[in-house]
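Hi there,

Here is the structure I promised to pass along. Have a look, and my notes on what turned up follow below.

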Amino acid sequence: MSGVNVINRERNLIVNPLKTCQPLGAMYAVIGVSRGIPMVHGSQGCSSFVRYHLARHFREPVEIAVSSLHEAAAVFGGRKNINSGIKNIAIRYKPDLIGAITTCSSEIIGDDVFGFVDTTNKELAELSKEKQEYAGVEKVKVVPIPTPSFVGTHYSGYGVAVNSIIQTVTEINDEENGKVNIIPGLLNPGDVKELKHILNSLNVGHIMLTDVSDAFDGPLRPSIQETPFYPKGGVTVDEIKNASSSSGTISICKYASQGAKTLESTHNVPAITDDLAPIGIKGTDQFLRNIQVLTDCEVPEKLLDERGLTLDMMADVSARYLHGRKVAIFGDPSLTTGLARLISELSMEVVMVCSGADEKSFPEDMELVAKESGQNIDVLQEQDLRAVEVYVKENDIDILIGNSDARFISYDTGIPLIRFGYPVYDRVGYHSQPILGYRGAKRMTELITNAVLEKYYEEKHWKLQQ
Amino acid sequence: MSGVNVINRERNLIVNPLKTCQPLGAMYAVIGVSRGIPMVHGSQGCSSFVRYHLARHFREPVEIAVSSLHEAAAVFGGRKNINSGIKNIAIRYKPDLIGAITTCSSEIIGDDVFGFVDTTNKELAELSKEKQEYAGVEKVKVVPIPTPSFVGTHYSGYGVAVNSIIQTVTEINDEENGKVNIIPGLLNPGDVKELKHILNSLNVGHIMLTDVSDAFDGPLRPSIQETPFYPKGGVTVDEIKNASSSSGTISICKYASQGAKTLESTHNVPAITDDLAPIGIKGTDQFLRNIQVLTDCEVPEKLLDERGLTLDMMADVSARYLHGRKVAIFGDPSLTTGLARLISELSMEVVMVCSGADEKSFPEDMELVAKESGQNIDVLQEQDLRAVEVYVKENDIDILIGNSDARFISYDTGIPLIRFGYPVYDRVGYHSQPILGYRGAKRMTELITNAVLEKYYEEKHWKLQQ
Amino acid sequence: MPFKLFDVDKEIPEREKHVYVKHCGDSDTEMDCNKSTVPGCMSERGCVYAGSKGVITGAIKDVVHVVHSPVGCTTYGGGAKRYPSRPNMPDGTTFPVENFNLKYVCGTDLKESDVVFGGMKKLKQSVQEAYKEFPFTTAIYCHATCTTGLIGDDIDAVCKELTEELGIDVIAYNTPGFAGPSQSKGHHITNDTMFDQLVGSKEPPKTTDYDICLIGEYNIDGDLWVLEKYLNEMGINILSRFSGDSTHNEICYMHKSKLNLVRCQRSATYIAELIEEKYGTPYINVDFFSTEYCADNLRMIGKYFNLEEEAEKVIEKYHGEVKEELEFYKEKLSGKKVYIFSGGPKSWHLSIPLEKELGMDVTAVASQFEHEGGYKKMKERVKEGATIVDDPNSLELEEMIKTDRPDIILAGIKEKYLAYKYGVPSIMIHSYENGPYIGFEGFLNLAKDLYANIYNPIWDLLEFDSFPQKESAKDGQNEKVDKELMEAGK
Amino acid sequence: MPFKLFDVDKEIPEREKHVYVKHCGDSDTEMDCNKSTVPGCMSERGCVYAGSKGVITGAIKDVVHVVHSPVGCTTYGGGAKRYPSRPNMPDGTTFPVENFNLKYVCGTDLKESDVVFGGMKKLKQSVQEAYKEFPFTTAIYCHATCTTGLIGDDIDAVCKELTEELGIDVIAYNTPGFAGPSQSKGHHITNDTMFDQLVGSKEPPKTTDYDICLIGEYNIDGDLWVLEKYLNEMGINILSRFSGDSTHNEICYMHKSKLNLVRCQRSATYIAELIEEKYGTPYINVDFFSTEYCADNLRMIGKYFNLEEEAEKVIEKYHGEVKEELEFYKEKLSGKKVYIFSGGPKSWHLSIPLEKELGMDVTAVASQFEHEGGYKKMKERVKEGATIVDDPNSLELEEMIKTDRPDIILAGIKEKYLAYKYGVPSIMIHSYENGPYIGFEGFLNLAKDLYANIYNPIWDLLEFDSFPQKESAKDGQNEKVDKELMEAGK
């Protein structure tokens, strides 16, 4: 009975994509490095579109440099653009790390970003000797990140970038540090903070590869804001170097696991990459067990109480208000599967899930969720928001969970849209709150229940009187 | 120009009250004591109405005993009811504290609760000697709490109860404990937790007089749930005994300050009772300064960052979405004034505030808020929800902030209602999240902004695209 | 022998006679009931005033209530119950405010000086103000409370005076909270008051040969509307509702019905008997909970009015709509242990249906305020060994949960969250979760709620399981973690 | 001398000629502009494709866009701009989907194999599918991007073929992102394409003597609707909008207008000139930002059509509505330092109005993509000592903020949050905050937004003030805290 029905896109045409191209994911990853600067090797749009896209979701500065690839480079190659771009940044910003991120155009013209970066590194070393004010520029870690836009999605681009950073920066080290490496995936700051909160509660040190939690959700404190502008926080280059000495690496999102495997094969750091994201009770339990496996830690009462508080709210609302309501979820393949599991734990029916990416794990993980919860689930694989729209209009759906681009579907159908994923720009505060962990499950339960109460109970308002 | 216009109720009739009677506040306070049991001395309704009322707000068990006052007691007095009721509880529950709470009926029939409790204490001492299984019952602190329903409101009843507990339990002690006593007022668990979070961040110990944060928001953990049922947490009787040795007492809500003054006059513990509640930036800043004054602590970066994160969100949304929108707030007199200040900080216009209580400080504090922000504010003093309804229908209001009882006003007018205060029963999760402190200000800003976006921007949805 | 003293009650042995374990050889033993609660207990009971305002009068859609009390009783009397109403009036007009009964409650907000000097003047002014505030109201009901009972305000006199002055009925309900052991006394007083002052005081705009009164049906979560639909489709006209979705005038018309149906036989048999006595209108006790009772009772009514065929049609239609789904739920619910902790009669209404139609195992029933007759019915309807409790308190419930581990408890909001803390689901049987619960579709709703609660996935998630072989991980040869263990940990 | 090399630019001296400090004795100096950005800078500029899809074509309400690209360009091309549209069509019918232009974007989602083997087949299929998906579309626009430019897909050929096959216009826009230094090149290409392929290809259903084209007005946040209201009330008919709230066919009718008004003179003068050249239709540059420019330009249009009186009426009415409020804001805004960092011409449109009508002090203006003419106008319109920047980058903005401390910055979303971090308010001048900003009421909206942002209470709350005499508390005689200090601390 239970299982999934995988529905692939039949059109060539993509209408209202649920994905974007690899470079965005790469820039996201680089911004999570302390004093890290992404430089995209492409035309102006490759930086300005992404800056716009990220800024409207996070409402934070998003500083991305561009190599300014134009006709000349198309003809003669972009070596000069990369080299002078990196030097410009290295000298003017004095960063700790620069990500040199390729695009469709730079890949098509055949630019060898690895070679160019080698050259640039040498030039930086020379510069460092040349002038006293350039001293130290040779220490800037320049990470070549090959992310052609016509391959994969922003999800895979993120995975590529984290892996590139690990490959370029991590050093051989024999001393164990007792920490756990976490590769978060394209998480919101609130989620990364929640992971850190869990690790801190477990008293387990961590290296977050990478950490956007402050960069994309930073305090407004002009009196201590330095120039050039760098966002607060991020994982330091020294921490990344030391990731080889950790007790293990957990990849939260499946598309982000490449770096974990690199650490395992190169530095013998065990990789845990097969579990669903720690969303909901089961998912978070498994995450805690994974940490226990790697570090042999105890789960403190504080976390068990957080777990209990979430269950307490679930008990209050799930059978009473949520049971059997039909839900459609769309977005990040790894977060969608995790969230589908939470929705099942809330006694709701996951009718359809959709991801714009072509992640093999997506239907597989949904199969697990379907089996666990005894449901039949339509899985729209590598589909778009138009497919979601058509599905929602043709099927019986009570709740939509997805990004702000779906707001028109909600306006047209009257079905409430719980904002989730990326981008969310028509509501505020979402990115700084978690959906991961026990507390994230509580927040999602709250959001969903309140939407249900507003939409489905106000017409029979006496039911709200208890 | 700026100032307040105080408008008192002109009717004798009260229509849809924004207050209830003293005993509820007293029960609330007693439930905040670890292993504390409220016993209301009145008829069945005096317990069952309150249990219902609190349970539907918190969605938690609310255990309140009743002395079962009936015709016989009305004629012959309620001594037997109190005495046997207390003994029943003392023996069957083995609590640490019992609050003997009077009502209209018990006060009118002239019951001397103080005298009855004295007698009962003696009887408990005898019982303790009599039978081995009763050993220790004499240690139960029985606190007489005189809260006639025809005097004051549930706010003043809370103040009376906290003061009675302090008077009955606190002991003389010369050694300083370096802690700060906090009398929270009728706060939600989320708010009490936020106060504790601030104090912990400041590395300042505290005694919460009393602490409902776990009792009214407890984890679901059946495997460790003991019988008889006591909620988790609460301030212990030992802590209350020791409140005399603290560096100072801060009363968050004005109606709760009596106990702080008792500690000052009896035990020379400095009392800070004159400030607005720590809601919004200014209010929380002042709370931190008050702690600094009492304990000479440093404000850590962590709290300054929380402050900065709140400001960051305020910067993102206030001028852009909120500026000049007209707000009406009603509820707890001390929380309403604090919230009005936050609303002003958000660049919104506080048009009207209303409290059902007759708290002198309410118009005074609103005068301060009006002056600070250069506004004219209508202050409905000792009014009711019908007055709010009429006001809202006759004036131009964009946002309502108040309890769930006002939902019909929202349905009728289409003006969004931000749930705030007590009771909130038609939405979930509110009581476990703060409005106090920097993080509470962030949450309120989020709730208000999202309501504004939904109500006032979706019709011009392109404005949401940034 | 059949009485039971809970362990937690050993200090209050008077509770023994309130708790009975069904023993077939002993059906005549009378339990103690309708007595004052033992002081110091966490009882679920409400007061006399609650029985009047909270149950009967508050369901009427077109009256203003002035609660003569310090503020608390007014606050608690407002908007708390789930009895919706529609604005249609018996004369075909529309009442100007929808769900007026849910939206407003008024009171006199008595202060210390009123207690000292008396509150009658304030009551009078307040009623006048209430009429000014809501001039479209059909009547005004004044409620006495503990305070006004004790200070001796003559609210009858005030109401009489105001009735003349305002030209609308101003009715006094003398229901001080302390005036009886539970809300049940409030039901009784209100029945009497309405009979004495209202019934027969007005004539209905028209009557038919199929007029009935539906008595003791308060339209909790729309129950009445379900029954109204069935009866209307049979050709029967509800002349008067007592008192769900009712109007003040309908109560006055009750003497003109051809047959009175008594639905809640605890709170409303009083008025049916009084009407029969004075006006000769017969009444029958009816039961619409579950498909079988509902069908039986519709047939009985059909027979009375010679509408047997119509009854069969209604039964066929509505029973047919739920049959199949109920089979699914019966399968799922079979053998599940259930407690019924109702206010009054639902403990005996529901015990057989839950067993027979849903296959459940009713191991305990309890009531806040039943009288002898009700407990007798419970005894008849539960099976050997089931526990019957009058006015249960929290410690008793805790003991039952610990020793008997029910799968679900039907109770009120006060027991609900307590049950949760012990890992036991609970649904609200007084006000319902996703009701209505009456009639064919209502029984399906109840079955659904039972299912959703018992099979709620959270009950399988209550405890965190640490990785079981965690300890052994230390013994692994590899300093890093053993891969196999990691696999096993997933 | 008048050029300025920012301290942060000392390693990229080529930036010197892009930054000019106004010096009255030196008005002829030509700044560098419209050149490729220095690699490694955080520039605000967009690409050529953005100038076409994001500015001009995307505002048209009844066409489907097929972006021929790997997914990113499609994603970024969707729903990002604030140009609302109404569903009314020139022939009086209603377009079936409201805000169709905001709701949908299509693309070919190119993969590696397409890059290797070419994407023309995929484009063709995609356009066919797009027409199937949205059969009510008036036309389909295909956009080239970097990828398709570099792999050499002949999208003109594909579109030509499809136009015949489908029977609707399928138009190719050859705008690969890299094909010019900024979005400005995209404007140019799109003007040319539309002129070549659309203008004159269809005839309007009817014409009047007062027909105009409103060119270079994209209806950002409703700007166009404000102007449309004014013009309609004067008796002038907008035959064709280029391109806010426009339709595909309207663009085809442009040759039939009596007068062309060019609002955005950076992005749309091209087509006005081409039309004048080919069809002889005159065009005039218009400026409706601020009350004075708006009034002047309405008068000019009135004069052209002999509708002077009508123009005066409109001016009186709408200017009158905002005059008083603007006085209030002028008082509040007087002396406040403001930067205008616009995409193109708003830097010169707004500089005099902000100073003259709101009393502000414009100390810097900048543009992402202006050309010589625009910078000349800026030089004329800013005052001595003001800084003019072409294609500013983040470090330059940071330096300006640090050294000059403006009170507010009018800029885009990319500068906005950066300015915040330094405690400087910023409002979005490309897409607006609470627009429209054009015309009389629009200028009031702008003034309100300036006021709300500059006077936002949070700017006074940025820093936590510890209790100042905290240290001295230790010295108090009392071990407990000194009461006076506590008072002072409040």
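A salt bridge here is a side-chain nitrogen of Lys or Arg within 4 Å of a carboxyl oxygen of Asp or Glu. Please keep in mind that this is a predicted model.

By that rule there are 124 salt bridges over all chains. One of them pairs Lys421(D) with Glu60(A), at 2.8 Å from N to O. Lys421(D) sits in helix α17 of chain D and Glu60(A) in the loop between α2 and β4 of chain A, so this pair joins two chains. Lys421(D) counts as buried, at 3% relative accessibility, and Glu60(A) is buried too, at 1%.

Now for the contact between chains A and D. On each side, 73 residues take part, and the two chains bury about 6300 Å² between them, 60% of it on carbon and sulfur atoms. Nine salt bridges are counted between chain A and chain D, including Glu382(A) with Lys111(D) at 2.9 Å. There are also 36 residue pairs in polar contact. Helix α2 of chain A gives the largest share of the chain A side, 10 residues. That side divides into 34 nonpolar, 21 polar and 18 charged residues. Strand β2 of chain A and strand β3 of chain D run antiparallel, joined by two bridges; Ile14(A) has Gly107(D) as its bridge partner.

Within chain C, Arg263(C) and Glu217(C) form a salt bridge at 2.7 Å. The loop holding Arg263(C) and strand β6 holding Glu217(C) are thus tied together across 46 residues of sequence, and both residues are buried.

Enjoy exploring!

How values were computed
Residues are numbered from 1 along each chain as its sequence is written. Chains are lettered from A and ligands numbered from 1 in the order in which they are written. This is a predicted model: local features need pLDDT of at least 70, side-chain atom pairs count only at pLDDT 80 or more; totals for chains, interfaces and linings use all residues. Side-chain values use heavy atoms; hydrogens and water are left out. Contact means heavy atoms within 4.5 Å. Buried area is the accessible area (1.4 Å probe) that two parts lose on being put together, summed over both. A polar contact is a pair of N or O atoms within 3.5 Å; within protein, one must be able to donate a hydrogen and the other to accept it, and residues adjacent in sequence count only if both atoms are side-chain atoms. Helices (H or I, at least four residues) and strands (E, at least two) are DSSP runs, numbered from the N terminus. Ala, Val, Leu, Ile, Met, Phe, Trp, Tyr, Cys and Pro count as nonpolar, Asp, Glu, Lys and Arg as charged, and the others, Gly among them, as polar. Two strands pair if DSSP finds at least two bridges between them. Buried means under 20% relative accessible area, exposed over 50%, partly exposed in between (1.4 Å probe, protein chains only).
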